[in-house]
Amino acid sequence: MEAKKYLNQIEAIEQMAKEETIQILKNNAQGQCIEFDCDNDEENEAYCESTFRVMTGDDEIILICAVGLDENDHLVFKAETLNGFEYNDDEWFEFDEFTHGYVDVYNFVVTNLQYAKKH
């Protein structure tokens, strides 16, 4: 028996989702950033349906509400705290080594690619 059999599979899936998400955004002519304009009714609805929770390495649960690529083609995020405040002063950030959720990031990007914009 291999104790980490399924954990290794989860890690592999997360890595594949991360890499494919980067390629989708990198090759998207419309833009490499999905950040909703909540003054627009359609985008506000998409925002409400698309945010998802992740746990940071500091054991804080945050809601991911924007995904993009930085100048080095690394995934970056914007988030809110569970009580509705901006996380990280509304600045783009990268996941730390303990934060996982790339399958959800992939879903977020693929579902909302029509809202992509330039940074």
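## Cysteines

Cysteine 33 is buried, at 3% relative accessibility (buried means under 20% relative accessible area, exposed over 50%, partly exposed in between; 1.4 Å probe, protein chains only). Its closest cysteine sulfur belongs to cysteine 65, 11 Å away and too far for a bond. Cysteine 48 is exposed, at 54%. The closest cysteine sulfur to cysteine 48 is that of cysteine 38, at 6.7 Å, again too far for a bond. The whole structure has 0 disulfides (pairs of cysteine sulfur atoms within 2.5 Å).

## Model and conventions

This is a predicted model: local features need pLDDT of at least 70, side-chain atom pairs count only at pLDDT 80 or more, and totals for chains, interfaces and linings use all residues. Residues are numbered from 1 along each chain as its sequence is written, and side-chain values use heavy atoms, without hydrogens and water.

## Salt bridges

There are 4 salt bridges (a side-chain nitrogen of Lys or Arg within 4 Å of a carboxyl oxygen of Asp or Glu). One of them joins aspartate 73 to lysine 26, with 3.5 Å between the closest N and O atoms. Aspartate 73 sits in the loop between β3 (61-69) and β4 (75-81) and lysine 26 in helix α1 (residues 5-26), so the pair ties together parts 47 residues apart in sequence. Helices (H or I, at least four residues) and strands (E, at least two) are DSSP runs, numbered from the N terminus.

## The lysine 78 network

Salt bridges link Glu35, Lys78 and Asp90 in a network. Lysine 78 is buried, at 10%. Lysine 78 meets glutamate 35 at 3.0 Å, N to O, and aspartate 90 at 3.9 Å. Aspartate 90 is partly exposed, at 30%.
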